Amino acid sequence: GNAFGMQEYLLVGDHPLSGDTRALLRFPLPQAPVVGATPLAATLRLFRYGEVTSTLPLTVTAYRVTASWEEHNATWSALAASYGEGYGSGQVPVQRLYLLHLDVSGLVQRWSQGAPNHGIMLIGGEEAAHSAKLFYSRELAAGSERRPRLIVKWALPAPTMTPSPTRNPTPTTTATRTLGPLTPTRTPGPLRALYLPLIRKG
């Protein structure tokens, strides 16, 4: 199969022309807002767009990719088996416009702890004919809120307490940080976004 890294859309599911298709995305690991912050929750957000011959809803699951890849060599034959455990799942209805959210908190937490970040593989609908759905890619939605997004909420470390100078013999303390317990961070968009088609023969 071929890699389709410059396509203007991501395609997941069974397509009448392409057969089974999957999408690959890779985001840079988001930078913590302060030293000591840890990812508490992470959501992959995808906008559906366009129309394909689809009369079925599609359940999409985000899987951890287990091998390194680049757009020019990300083919079905090279990467179809290169995925590990699944994380968030969500159902895309038949209606044309839809915003899909997938919970990938556990995966982002693994990355923050030093696990290799090879990205996310989106799989779904491979046993259901004509189930494929299209999603906005980074190419089609450049600079738009509709491009794929990884949104991370961070747990901030406890404030450090330091003594305050005072003439009163009773010591008091003041917090050096006043940030809230959570802060969301949006990544600038995926480093890579493409789909992997399997052309059925016969």
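**A walk through the predicted chain**

His130 sits in the loop between β7 and β8. Strands (E, at least two residues) and helices (H or I, at least four) are DSSP runs, numbered from the N terminus. His130 has a positive phi of about 60 degrees, although it is not a glycine. Most residues other than glycine have a negative phi. His130 counts as partly exposed because its relative accessibility is 33%. Buried means under 20% relative accessible area, exposed means over 50%, and partly exposed lies in between (1.4 Å probe, protein chains only).

This is a predicted model, in which local features need pLDDT of at least 70 and side-chain atom pairs count only at pLDDT 80 or more, while totals for chains, interfaces and linings use all residues. Residues are numbered from 1 along each chain as its sequence is written, and side-chain values use heavy atoms, with hydrogens and water left out.

Now the whole chain. The protein chain has two helices and 13 strands. Of its 202 residues, 44% count as buried. The accessible surface comes to about 10300 Å², by the Shrake-Rupley method with a 1.4 Å probe; for residues, only the protein chains shown count as cover. Carbon and sulfur atoms hold 54% of that surface. A contact means heavy atoms within 4.5 Å. Among contacts between residues at least 6 apart in sequence, 83% join residues at least 24 apart.

Next, confidence. pLDDT is the predictor's confidence in each residue, from 0 to 100. The protein chain averages 78, and 71% of the residues score at least 70. Among the elements, helix α2 (residues 105-112) has the highest mean pLDDT, 96. Strand β11 (residues 172-175) has the lowest, 38. Over residues 170-183 pLDDT stays under 50; the model has 34 contacts beyond four places in sequence for this stretch. Residues 198-202 also stay under 50, with eleven such contacts. Where pLDDT is low, the predicted coordinates should not be read in detail.

A nonpolar core is a set of buried Ala, Val, Leu, Ile, Met, Phe, Trp, Tyr and Cys residues joined through side-chain atoms within 4.5 Å. The largest nonpolar core here has 27 residues. Val60, Val104 and Leu122 have the most contacts inside it. Several elements each supply at least two residues of this core, including β1 (9-15), β4 (58-65), β6 (98-103), α2 and β7 (120-123). Apart from this core lies another, of seven residues, among them Val65, Trp69, Ala74 and Ile123. Val60 touches residues beyond four places away in sequence, including Val12, Leu100, Leu122, Ile123 and Phe135.

Strands β1 and β8 run antiparallel and are joined by four bridges. Two strands pair if DSSP finds at least two bridges between them. Tyr9 stands opposite Tyr136 in β8.

Glu139 lies in the loop between β8 and β9. Glu139 counts as partly exposed, because its relative accessibility is 22%. Glu139 and Tyr9 are 130 residues apart in sequence, but their C-alpha atoms are 7.6 Å apart in space.

Arg96 is in the loop between β5 (83-92) and β6. Arg96 is partly exposed because its relative accessible area is 48%.

Phe47 is found in β3. Phe47 counts as buried because its relative accessibility is 18%. Not counting residues up to four places away in sequence, Phe47 touches Tyr98, Leu99, Leu134, Phe135, Tyr136, Glu145 and Arg146. The C-alpha atoms of Phe47 and Arg147 are 7.2 Å apart, although the two are 100 residues apart along the chain.

Last, back to β1. His15 lies in this strand. His15 is buried because its relative accessible area is 16%. A polar atom of the His15 side chain lies 3.0 Å from the backbone nitrogen of Leu17.

Notes:
Polar contact = N/O pair within 3.5 Å; in protein donor to acceptor, adjacent residues only side chain to side chain.
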